[in-house]
Amino acid sequence: MDRRQFIGLSASAALVAGLTSCGVRPKAVETHCGGPMKLRFYPYELQLAHTFTVSSYSRKTTPDVQVEIEYDGITGYGEASMPPYLGHTVESVCSFLSKVDLSGFRSPFLLEDIMEYLDSLSPGDSPAKAAIDIALHDLTGKLMGEPLFRIWGYNPDKSGPTTFTIGIDTPEIVRQKTEECAGLYRILKVKVGLDSDEQMINTIRSVTDLPIAVDANQGWKDRSKALDEIHWLKEKGVVLVEQPLPVDRLDDTAWLTERSPLPIVADESIQRLKDLPRIKGAFSGINIKLMKCTGLLEARKMIAYARAEGMMVMLGCMTETSCACTAAAHLSPAADFCDIDGNLLITNDLFSGMKVRDGLMVLPDSPGLGLTRL
Ligand code: MG
């Protein structure tokens, strides 16, 4: 490790040690500023409106790191969100970002080269890479003076609805959450995968007949029981099932997908483009999340591959600010199904961007991501 790397790592460690529990934005660390682009980052802990429970854990906060890349007096915003199941931490993200040296790149438009360079630094660290990818896309859109969806040729009127997610909880809380959101959304996403599945669905059905997507988060273990449950769910107005079985049960998933009356979408089973050949045929579609796949550049390649294989495209998100959610939303006209509600689940958003009106996503029309800093 050279001196510059050591200083960068020490600074990020100090930042991480003293950071965000107070909720105040700490001073950003600036790394390797020799070239025309300046990279800055700072941790920012996301506060959830409700304790969020899926089949494997519960949480009230989510660790997050905000990234800024400045070029020619213009700043692009990016973000790394680290829900616990992916194994990334504020420390690992800051450590990776401290290593990133953009001084060898003359322009933020060299997206392919920069993302290839980031992959050369480590095989993992997808959220940190996504943060840089998102900031570069915001920056290049601003430099071109156009929103990303327009640069890509997407029709913003085709953004469509987003689901709103209801975590696993007591019937009283599930009823209350459903009552709060039923009039605001056109489709709900419900976490299942525990013994309470039937109770969860029946509780929601006592409030609303909105269509429901369910996410088992690998929580079902028996393929025959899973198939029975999917038939029951279909009768209850469920339209899609996400990650029913554990990641290592690909053959059983293929068996289930072949027989299922509902589409089966991969989430934990698919991270990046290179995973797609392995899982095609076992699922009806894929859930693309920027934090898993290193950002917008790779997400667009995954959409193209999935389309070529006749697979459904779902866009998801983590608990995130409007920065990363808006980035994902710019891809929404190219997707079949969107679950981009992470910014709606937190109480300390840093940006205003994509909005949900009458259940439909509305993309901002200003350049880049189109964010306004709050
Ligand atoms: Mg999921």
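The legends below describe close-up views of one predicted model. Residues are numbered from 1 along each chain as its sequence is written, and side-chain values use heavy atoms, without hydrogens or water. In this predicted model, local features need pLDDT of at least 70 and side-chain atom pairs count only at pLDDT 80 or more, while totals for chains, interfaces and linings use all residues.

View 1. Asp 215 (OD), Glu 242 (OE) and Asp 267 (OD) are the protein donors of the magnesium ion, lying 2.2 Å from it. Donors are N, O and S atoms within 2.8 Å of the metal (3.2 Å for Na, K and Ca); water is not among the atoms, so the site may look incomplete. Along the chain the donors follow the spacing D-x26-E-x24-D. Asp 215 belongs to strand 9 (residues 212-215), whereas Asp 267 is in the loop between strand 11 (264-266) and helix 10 (276-279), so that distant parts of the chain, 52 residues apart, are linked. Helices (H or I, at least four residues) and strands (E, at least two) are DSSP runs, numbered from the N terminus. Asp 215 is buried at a relative accessible area of 0%, and Asp 267 is buried at 1%. Here buried means under 20% relative accessible area, exposed over 50%, and partly exposed in between (1.4 Å probe, protein chains only).

**View 2. Salt bridges around the magnesium donors.** Two of the donors, Asp 215 and Glu 242, also belong to a network of salt bridges with Lys 189, Lys 191 and Asp 339. A salt bridge is a side-chain nitrogen of Lys or Arg within 4 Å of a carboxyl oxygen of Asp or Glu. The structure holds 22 salt bridges.

**View 3. Salt bridges between and beside helices.** Lys 301 and Glu 112 meet through their side chains in a salt bridge (3.1 Å, N to O). This pair links helix 12 (residues 296-308), which holds Lys 301, to helix 3, which holds Glu 112, 189 residues apart. Lys 301 is partly exposed at 33% relative accessibility, as is Glu 112 at 43%. In a salt bridge of Asp 252 with Arg 223, the closest N and O atoms are 3.3 Å apart. Asp 252 is in helix 9 (residues 250-259) and Arg 223 in helix 8, 29 residues apart. Arg 223 is partly exposed, with a relative accessible area of 30%. Asp 169 and Lys 177 form a further salt bridge, with closest N and O atoms 3.8 Å apart. Asp 169 is partly exposed at 26%, but Lys 177 is buried at 7%.

**View 4. Aromatic pairs.** The structure holds four aromatic pairs. Among them, Trp 152 and Tyr 154 have ring centres 5.8 Å apart and planes at 65°, so this pair is edge-to-face. Both Trp 152 and Tyr 154 are buried. Phe 164 and Tyr 185 have ring centres 4.7 Å apart and planes at 25°, so this pair is stacked. Rings of Phe, Tyr and Trp (its six-membered ring) pair if their centres lie within 6.5 Å; planes under 30 degrees apart count as stacked, over 60 as edge-to-face and the rest as tilted. Phe 164 lies in strand 7 (residues 164-166) and Tyr 185 in the loop between helix 6 (171-181) and strand 8 (188-191), so the pair ties together parts that are 21 residues apart in sequence. Phe 164 is buried at 14% and Tyr 185 at 11%.

**View 5. Two cysteines without a disulfide.** A search of the whole structure finds zero disulfides, a disulfide being a pair of cysteine sulfur atoms within 2.5 Å. For Cys 317, the nearest cysteine sulfur is that of Cys 325, 4.1 Å away. Cys 317 is buried at 10% relative accessible area, and Cys 325 is buried at 0%.

**View 6. Positive phi angles in two loops.** Asp 125, a residue other than glycine, has a positive phi near 55°. Asp 125 sits in the loop between helix 3 (111-121) and helix 4 (126-144) and is buried at 17%. Gln 218 also has a positive phi, near 70°. Gln 218 is in the loop between strand 9 and helix 8 (223-235) and is partly exposed at 23%.
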